[in-house]
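Thanks for coming, everyone. I have one structure to walk through today. Please take a look at it before I start.

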Amino acid sequence: MTGSSTPLAPAAFSYPGHGANARTGVAICHGFTGSPLSVLPWAEHLAERGFAVTVPLLPGHGTDWRDLARHGWQDWYAAFEAAYLELAAGTRDCFVAGLSMGGTIALRTAARHQSAGVAVVNPGLSFYDRRVRYIGLLKYFQRTTVPVAEQNPTASPTEDGDYSLTPLEAVHQLSRLFKATARDLPGVRAPALVFKSDADVVVPPSSLELLRRRLGSRELDVVALPHSGHVATLDVDAPLIFEQSTRFFLQHAAAPAVPPAPPSSAPAPETP
């Protein structure tokens, strides 16, 4: 298998697919201040099983916090939407997936396009910090803040760039993305699979509650991740995410058309 990403530096990942699953695509979106490295094991797992996979590197990510401040949420969404549409054009069924903010973007994509389904890990729609409601004003008085950190992380670390600081302008953009996606949730009609970590210090339980209330799909399955933190795709429960999402994609992909049987060339039996 050959992809465009390496474990050494943040980069986009893509795989064309092979075998019986090559006509099923999965577009995966990484999270806020992250990179494709945070979902690379997931992408590789799907690629090994023959799915066509794409993971774009979002604008302002994989570099440093100053670059992040120069891009808005529409830039992040547009980059993923373009990657999804390109993959969908070359596959029969195309799913969207994502981690954290990537799950938010995947949900908005599912609301605006005819995706085959959506699988998300700890998708964000709300914040723990109530001060975010004033972020549009606070950003003019405080330029940056420190990232939310888990006290005893068990996920494998990745080098996603220099994000030792988080621009408040970017947090404001994230807040606007959450609001836009919450408004769009009733438009999600495709089957949805949500993985939620029990110990998530980044995305509060209210995000899942909002998702349950507003999602338009009649098919919503929520899977608890009892042993993982926020970046669960690199954590203890990652194999559970990989296997259950694989089954989800196979279950909801359209069955290939069965060609009609060729006419028999054998002579008709004689009537005694």
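Take the contacts in the chain between residues at least 6 apart in sequence: 76% of them join residues at least 24 apart. Keep in mind that this is a predicted model.

Now the overall picture. The chain holds eight helices and nine strands. Its radius of gyration is 21 Å, close to the 19 Å that the globule rule gives for 272 residues, so the chain is as compact as a globular protein of that length. The C-alpha trace spans about 100 × 40 × 35 Å along its principal axes. Of the 272 residues, 51% are buried. The accessible surface comes to about 13,300 Å². Carbon and sulfur atoms account for 54% of that surface.

In what order do the seven strands of the open sheet run? The order is 1-3-2-4-5-8-9, and the pairing is mixed. Strand 1 (13–15) and strand 9 (220–225) are the edge strands, each pairing on one side only. From one strand to the next, the twist averages 15°.

Strand 8, residues 192–197, pairs with strand 9 in the parallel sense, over six bridges. Within that pairing, Val194 stands opposite Val222 in strand 9.

Helices pack here too. Helix 4, residues 101–112, packs on the sheet. It touches strand 2, strand 4 and strand 5, and its direction makes about 150° with that of strand 4. Helix 1 lies across strands 1, 2, 3, 4 and 5. It runs at about 5° to strand 1.

Stay with helix 1, residues 40–48, for a moment; His45 is found there. Is His45 buried or exposed? At 8% relative accessibility, it counts as buried, because the cut-off for buried is under 20%. And what does His45 contact, leaving aside its neighbours within four places in sequence? The partners are Phe242, Glu243 and Thr246.

Thr33 is not a glycine, yet it has a positive phi of about 65°. You will find Thr33 in the loop between strand 2 and helix 1. Asn122 is not a glycine either, and its phi is positive, at about 50°. Asn122 is in the loop between strand 5 and helix 5 (135–138). This residue is buried, with a relative accessible area of 0%.

That is my tour. Over to you.

Terms used:
Residues numbered from 1 in each chain as written. Predicted model: local features only at pLDDT ≥ 70, side-chain atom pairs only at ≥ 80, totals over all residues. Heavy atoms only, no water. Helix = DSSP H or I, 4+ residues; strand = E, 2+ residues; numbered from the N terminus. Buried < 20%, exposed > 50% of the residue type's maximum accessible area, 1.4 Å probe, protein only. Contact = heavy atoms within 4.5 Å. Pairing = 2+ DSSP bridges. Axes fitted to C-alpha atoms, helices over the stretch in contact; angles between N-to-C directions. Rg over C-alpha atoms; globule rule 2.2 N^0.38 Å. Areas by Shrake-Rupley, 256 points an atom, 1.4 Å probe, with all protein chains shown as cover.
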